[in-house]
Amino acid sequence: MLDTALQFIEANKANALDELKQFLRIPSISTLPENAGDVRRAAEFLAAELKRIGMENVRLIETAGHPLVYADYLHAAGKPTVLCYGHYDVQPPDPLDEWLSPPFEPEVRNGNIYARGAVDDKGQLWMQVKALEALLKSGSLPVNVRVLAEGEEEVGGEGIAEYLRAHPEEVKCDVALVCDTELFAPDLPTLCVGLRGMIYTEIEVRGAKTDLHSGMYGGAAPNPFVALSQIIAKLKDADGRILIPGIYDSLQKPTDAELAAWKSLPFNEEHYRETEVGSSELTGEPGYSVLERTWARPTLDVHGMPGGFTGAGAKTVIPAKALAKVSLRLVPGMTPADTFRKLQDYVATIVPRGVSAEVRMIHSGDPIVVGTDNPFIHAATEAMREVFGKETVFVRGGGSIPVVGDFARQLHVPTVMMGFGLPDDNLHAPNEKFNISNFYRGTESIVRFLVHAGQ
């Protein structure tokens, strides 16, 4: 079975890449209402492919938002069931003028495929589809498999979370496989065993009942943008420490063994600063390494301040309201509900005179750390060792994949986070890419994982 599947992958490399390009051409931007039809089209494209390769019970599952895609193949009696997860929605491509090629017209350059969604997560989802196809072409699957893909991961994953709460029996499994992470370094097999959670919020400040002329009212009327700036300035200090009272009270620190393992990773802070970040210096809490600050410490960031006048030229207006999009990344020991309450309570104490402020939750996700002492992690490390010829390292991720927490809470199963992106793949940024050799190595690793999981 294994040899036949690997031969199929090798013989069909060009087809797999061409199919991925078709998938990437669909602008499935989940956050934009005008792209709702494209998101559905991507779901239908994925479902059609799953049906074509021989998966069964393929269907779209409607949610309050974008649909889920489900398929299964449950003919491996006595073997475990693996739930293969991925997401087919993507981030907006802005700013468009920074792309070297159109974001939804995939282009191959320097051994990479460039497009929005190339690595996050269409390319990595496609690895799973091609791995399943290769095994089905070899006769059958070595384990039972369910596929569940969503179209709302980039906007919080509310639909899949609700589905898992309401119908856990319909996706019953022994382990979840998530391919939405990255290798710590090129050619270094990596399993992610921890993710930060998040709350994504909006802070809206209101002043006058309508926009006002700054010449006539400036000096007397409150300016919501100035007030909002004052609020934001009080959320963190100059060293990057969050000033919300109680925010650090319940943190669970990494173990000494984890910290020692992180120190042994091939990480060069100056290379990270220059090639990945591109800033004149790195910032953040003193006393913690870069990996600790990005993997195991909470952070607060401002993502945008829409409103007022932003067009060309001048307009002397005092806006009636101002808005900021603010998120906090959470680490084990923190919960979205408690963190949101602390943010709301603190903002209420620092609102300047003459304005009112409202903090709204947009979406959230729990932090999670998964155990490594289980047969599925062992199967994954063995699979990657066979492909890469090296031992697998365990890392945490600074980002959030909300559904991983849902798998633990609703299905009570471990998750194997086996991703094949690279740190410089420009996730959520212009010129997103996926290394093509990693696309093929990822496909082979998934095949080997499923084989080992069934032994």
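The second largest pocket is lined by 14 residues, of which Val193, Glu258, Trp262, Thr372 and Phe394 lie nearest its centre, and about 200 Å³ of space lies within this pocket. The model is a predicted one, in which local features need pLDDT of at least 70 and side-chain atom pairs count only at pLDDT 80 or more, while totals for chains, interfaces and linings use all residues. Residues are numbered from 1 along each chain as its sequence is written, and side-chain values use heavy atoms, with hydrogens and water left out.

**Pocket and cavity**

- On a 1 Å grid over the protein atoms alone, a pocket is an open set of points with protein on both sides within 12 Å along at least five of seven lines, whereas a cavity is a set of points where a 1.4 Å probe fits but cannot get out; lining residues have an atom within 4 Å of a point.
- Grid points are joined across faces, edges and corners, and a volume is the space filled by probe spheres set on the points.
- Helix H8 (256-263) and strand S16 (393-397) each supply at least two residues of the lining of the second largest pocket; here helices (H or I, at least four residues) and strands (E, at least two) are DSSP runs, numbered from the N terminus.
- The lining of the second largest pocket divides into nine nonpolar, two polar and three charged residues, where Ala, Val, Leu, Ile, Met, Phe, Trp, Tyr, Cys and Pro count as nonpolar, Asp, Glu, Lys and Arg as charged, and the others, Gly among them, as polar.
- One cavity of 30 Å³ or more is counted, and the largest cavity has a volume of about 30 Å³.
- The largest cavity is lined by Gly246, Ile247, Ser250, Met334, Asp338, Thr339 and Lys342, a set that comprises two nonpolar, three polar and two charged residues.

**The four-stranded sheet**

- Four strands form an open sheet in the order S11-S13-S9-S14, with antiparallel pairing; two strands pair if DSSP finds at least two bridges between them.
- Strand S11 (299-304) and strand S14 (356-365) stand at the edges of this sheet with a single partner strand each, so one side of each is left without a neighbour in the sheet.
- From one strand to the next, the twist of this sheet averages 25°, with axes taken as lines fitted to C-alpha atoms (for helices over the stretch in contact) and angles running from 0 to 180 degrees between N-to-C directions.
- Strand S9 (residues 197-206) pairs with strand S13 (residues 321-330) in the antiparallel sense over 10 bridges, and Ile199 has Leu328 in S13 as its bridge partner.
- Helix H11 (residues 336-349) lies across S9, S13 and S14, running at about 165° to S14; contact means heavy atoms within 4.5 Å.

**The three-stranded sheet**

- A sheet of three strands, also open, has the order S4-S5-S18 with antiparallel pairing.
- Its edges are strand S4 (107-109) and strand S18 (433-435), each with a single partner strand, so one side of each is left without a neighbour in the sheet.
- Strand S5 (residues 112-114) and S18 pair in the antiparallel sense over three bridges, with Tyr114 standing opposite Lys433 in S18.
- Helix H2 (residues 13-24) packs on this sheet and touches S4 and S5, its direction making about 20° with that of S5.
- Helix H14 (residues 436-453) lies across S4, S5 and S18, and runs at about 60° to S18.

**Strand S8 and its partners**

- Strand S8 (residues 190-195) is mostly covered, since six of its six residues are buried, a term that means under 20% relative accessible area, as against exposed at over 50% and partly exposed in between (1.4 Å probe, protein chains only).
- S8 and S16 run parallel and are joined by four bridges, and Leu191 stands opposite Phe394 in S16.
- S8 and strand S15 (residues 368-369) run antiparallel and are joined by two bridges, with Ile368 in S15 as the bridge partner of Leu195.

**Two buried side-chain positions**

- Arg273 is found in helix H9 (residues 269-277) and counts as buried because its relative accessibility is 17%.
- Not counting residues up to four places away in sequence, Arg273 touches Gly278, Ser279, Ser280, Glu281 and Leu282.
- His363, in strand S14, counts as buried at 10% relative accessibility.
- Leaving aside neighbours within four places in sequence, His363 is in contact with Val155, Gly156, Glu158, Met198, Ile199 and Tyr200.
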